[in-house]
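The sequence and the structure are shown first, and the description follows.

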Amino acid sequence: MITANTNSRDCLIVPPIPTAKVEKNVSLSKPLKLGILASGSGSNFEVIAQAIQNQELNATIPVLIYNNPEAKAAARAEKYGIPAILLNHRDCKSREELDTKIVKTFQEYDVEWVVMAGWMRIVTKVLLDAFADRVINIHPSLLPSFPGIRAVEQALAAKVKITGCTVHIARLEVDSGPILMQAAVPVLPDDTAETLHARIQVQEHKIMLGAIALIAESNQKYCD
């Protein structure tokens, strides 16, 4: 079951994560069809896939797209029997060309929502127009603070006492757009970029699931 960590030393998640589990044989709206974009290890992708397998999310993943031939996300997808398609950005002349291929692939798989789960490419109007207000991103800071690359290092350099992570609807401006869910994580006196990032990533997994659960919940109400 998806639950929020109530230990305030670890995190504060806002809004609260829905706790209702998707039970077997319960009549619900059709599952959300999530197209996942990943560039690296695919840990956020696997968290989503595992939650779906455990019936904690009313969703499916028809396809994963990855842009890095060395990305471990592809192997994780294979483990769950999910098609993984390589669209190497190095083979494209522009960001728009890559996004055009992404849109075509997602449309072929009848994707409804796009989840950037560690996607290390700037998206363009091509993708955002094709899936208007249906592209979500996760970022390792409490946006609007510390957008862009090396957000954890930015937080340490600023000597803030609290940082965290954010799931938001993507916009053309990098790491901007309506916020769906955030988790606050304290910065400890002896934190390094590695230790802080590791603790933030734990909360990333929670709020990624939480944000998708909120979307699924809203979709259910709309369909009802």
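## The end of helix 3

In this predicted model, helix 3 is followed by Asp110, a residue with a positive phi near 60°. Helix 3 itself spans residues 95-108, which makes 14 residues. From its first C-alpha to its last, helix 3 reaches 20 Å, close to the 20 Å expected at 1.5 Å a residue.

The buried residues of helix 3 are Leu98, Asp99, Ile102, Val103, Thr105 and Phe106. They lie on the same side of the helix, because the arc they cover around the axis is only 165°. In an α-helix there are 3.6 residues a turn, so residues three or four places apart point the same way.

The other side of helix 3 carries the exposed residues Lys104, Gln107 and Glu108. The packing partners of the buried residues are strand 2, strand 3, strand 4, strand 5 and helix 4 (125-130).

Eight strands make up an open sheet with mixed pairing, in the order 1-8-7-6-5-2-3-4. At its edges are strand 1 (12-14) and strand 4 (84-86), each of which pairs on one side only. From one strand to the next, the twist averages 20°.

Within the sheet, strand 5 (residues 113-116) pairs with strand 6 (residues 135-139) in the parallel sense, over three bridges. In this pair, Met116 of strand 5 stands opposite Asn137 in strand 6.

## Helix 1 on the sheet

Helix 1 (residues 43-53) also packs on the sheet, where it touches strand 2 (32-38), strand 3 (59-66), strand 5 and strand 6. The direction of helix 1 makes about 160° with that of strand 3.

Conventions. Residues numbered from 1 in each chain as written. Predicted model: local features only at pLDDT ≥ 70, side-chain atom pairs only at ≥ 80, totals over all residues. Heavy atoms only, no water. Pairing = 2+ DSSP bridges. Helix = DSSP H or I, 4+ residues; strand = E, 2+ residues; numbered from the N terminus. Axes fitted to C-alpha atoms, helices over the stretch in contact; angles between N-to-C directions. Contact = heavy atoms within 4.5 Å. Expected span 1.5 Å × (residues − 1). Buried < 20%, exposed > 50% of the residue type's maximum accessible area, 1.4 Å probe, protein only. Arc of directions from axis to C-beta.
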